[in-house]
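Here are a few exercises to work through with the model open beside you. Try each task before you read its solution.

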Amino acid sequence: MTETRLATTSPQPESPRRRRRVLQPRAVAAIALSWVLLWDRVTWGNIVNGVLVGLVVTYAFPLPSIEFEGRLRPHRLAWLIVRFVADLFVASWQVMLLAFGTKQPRNAVIEVQLRSRSDFYLTITAELVALVPGSVVVDARRSTSVLYLHLLDVHDPAAIEAQRVHVLAIERRVVRTFGSREEIESLETGSAWPTPPATDRPESQSRSQRHEGADDTTGETPAHDHDSREEQP
């Protein structure tokens with residue numbers, strides 16, 4: 001009797017070799033602008049050289065593709081900016097009190113598991129957290145959507161948990177500003193994050209799946225399947 005199992009794997013980040021070398025006009029424009037600012041003079045030569053540098057950089061070091069299927073909501077964006085400015089003022093005041101006070105602050109490095117599974121939301125959330133004084137993003141894991149933060153002046157587990165809740169609240173505002181209906185619903189209800197449409201997979205993975213399918217058809221179980229029976233879908 002042939003045993004049939006369905007295995008699902010989380011999407012893995014693209015490796016540099018698999019990234020497509022295509023024209024990235026926004027990245028080229030940003031690099032060209034930075035080049036002109038570095039030379040401190042707007043001339044046709046600096047502009048052309050900046051564009052050439054941008055083309056070389058983006059083709060030699062292609063950026064990973066970012067899946068985005070949402071839409072911008074202006075009123076949510078305004079609220080996101082207001083809350084960010086408020087956090088900026090509050091954190092600046094707290095850091096100033098620590099700088100002029102006598103209390104010795106205790107720092108901590110914490111791990112925050114985000115609920116979204118998008119490089120776009122991960123990047124924006126990390127930037128909003130890092131721009132606020134007193135918190136620094138030490139590392140960001142694309143594969144697991146985890147942020148590692150260095151926090152200033154946390155004295156007990158309750159303060160650490162409050163910071164985690166604060167970061168997740170920022171993520172919620174970001175998703176509600178830019179996300180699709182499915183993504184917002186997934187975040188609010190705690191259900192599985194919607195997966196993007198299937199893309200072209202590498203040939204080696206396709207051959208592996210065809211080989212595994214052939215083994216299931218003949219009733220034989222590959223040796224490595226004995227180790228994966230306990231994996232949860």
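Buried here means under 20% relative accessible area. Keep in mind that this is a predicted model.

**Exercise 1. Get an overview of the chain: how many helices and strands does it have, and what share of its residues is buried?**

Solution. Next, read them off from the N terminus, which gives α-α-α-β-α-β-β-α-α-α. Then turn to burial: of the 233 residues in the chain, 25% are buried. Last, look at the contacts between residues at least 6 apart in sequence: 70% of them join residues at least 24 apart.

**Exercise 2. Describe how helix α1 and helix α2 cross: at what angle, and with which hand?**

Solution. First, find the two helices: α1 covers residues 25-39 and α2 covers residues 44-60. Their axes come within 8 Å and cross at roughly 135°. As for the hand, α1 passes α2 in a right-handed crossing.

Now for the residues that meet. From α1 come A27, V28, I31, A32, W35, V36 and W39. On the α2 side are N46, I47, N49, G50, V51, V53, G54, L55, V57 and T58. Sort the residues of this contact by type, and you get twelve nonpolar, five polar and no charged.

**Exercise 3. Find the largest nonpolar core: which residues have the most contacts inside it, and which elements supply it?**

Solution. The core has 23 residues, and L147, L149, V167 and V174 have the most contacts inside it. Next, ask where the core comes from: β1 (108-113), α4 (119-130), β3 (146-151), α5 (157-178) and α6 (181-189) each supply at least two residues. The largest share, six residues, comes from α4.

Zoom in on L147 and skip its neighbours within four places in sequence. Its contacts are then I110, E111, V112, L114, L122, T125, A126, V137, D139, A140 and V167.

**Exercise 4. Is R173 buried or exposed, and which residues does R173 contact?**

Solution. Begin with its place, which is in helix α5. Then check the relative accessible area of R173: the value is 13%, so R173 is buried. Finally, leave aside neighbours within four places in sequence, and R173 is in contact with W79, L80, R83 and D87.

Key: Residues numbered from 1 in each chain as written. Predicted model: local features only at pLDDT ≥ 70, side-chain atom pairs only at ≥ 80, totals over all residues. Heavy atoms only, no water. Axes fitted to C-alpha atoms, helices over the stretch in contact; angles between N-to-C directions. Helix = DSSP H or I, 4+ residues; strand = E, 2+ residues; numbered from the N terminus. Left-handed = near helix turned anticlockwise from the far one by under 90°. Contact = heavy atoms within 4.5 Å. Nonpolar A, V, L, I, M, F, W, Y, C, P; charged D, E, K, R; others polar. Core = buried A, V, L, I, M, F, W, Y, C linked by side-chain atoms within 4.5 Å. Buried < 20%, exposed > 50% of the residue type's maximum accessible area, 1.4 Å probe, protein only.
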